[in-house]
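Let's take a walk through this one together. Have a look at the chain first, and then we'll go through it piece by piece.

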Amino acid sequence: MAQIEKNLENLLQYGTWSATFLTTIGVLISSNSTINCGIGLFILIPVGRVLGLILSFLKEKDFKMVSAGLLVMSIIVLSFLVGGH
């Protein structure tokens with residue numbers, strides 16, 4: 001579990017820095033597409049975290065937590081679908 005936690009920590013840290021960098025560069029050069037990429041990355045970071053947690057719970061055979069993770073992922077996907085229309 002320690003390695004999975006370290007990987008998730010790296011995802012959050014480097015993902016946040018990357019999204020901040022893209023958004024800042026987009027503002028500095030007045031590029032809406034770069035700003036949108038940064039914002040999109042900010043949105044995808046929690047998705048990656050939930051997917052990572054689901055995989056770690058599967059590895060541990062903690063199916064109760066897998067179910068909870070899948071419920072959270074379903075809510076995220078549903079919000080993307082509803083928000084996109």
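Is S30 buried or exposed? S30 counts as exposed, at 65% relative accessibility; here buried means under 20% relative accessible area, exposed means over 50%, and partly exposed is in between, using a 1.4 Å probe and protein chains only. Before going on, bear in mind that this is a predicted model, where local features need pLDDT of at least 70, side-chain atom pairs count only at pLDDT 80 or more, and totals for chains, interfaces and linings use all residues. Residues are numbered from 1 along each chain as its sequence is written, and side-chain values use heavy atoms, with hydrogens and water left out.

Now for the overall layout. The protein chain has three helices and zero strands, so reading from the N terminus you get α-α-α. Helices (H or I, at least four residues) and strands (E, at least two) are DSSP runs, numbered from the N terminus. The C-alpha atoms fill a box of roughly 50 × 35 × 10 Å along the principal axes. The radius of gyration of the protein chain is 15 Å, while a compact globule of 85 residues would have one near 12 Å; the radius is taken over C-alpha atoms, and the globule rule is 2.2 Å times the number of residues to the power 0.38. Buried residues make up 25% of the 85 residues.

Back to S30, which sits in the loop between α1 and α2 (32–60). Its phi is near 55°, a positive value in a residue other than glycine. Most residues other than glycine have a negative phi. K61 isn't a glycine either, yet its phi is positive, at about 60°. K61 is exposed too, with a relative accessible area of 60%.

What about charges? The protein chain carries 5 positive and 4 negative side chains, where Lys and Arg count as positive, Asp and Glu as negative, and His and the chain ends are not counted. The salt bridge count comes to one, a salt bridge being a side-chain nitrogen of Lys or Arg within 4 Å of a carboxyl oxygen of Asp or Glu. That bridge joins the side chains of K6 and E9, at 3.7 Å from N to O. K6 and E9 are three residues apart in helix α1 (residues 2–28), so about one helical turn separates them. K6 is partly exposed, with a relative accessible area of 40%, and E9 is partly exposed as well, at 41%.

Note on methods: The place of a charge is taken as NZ of Lys, CZ of Arg, CG of Asp or CD of Glu.
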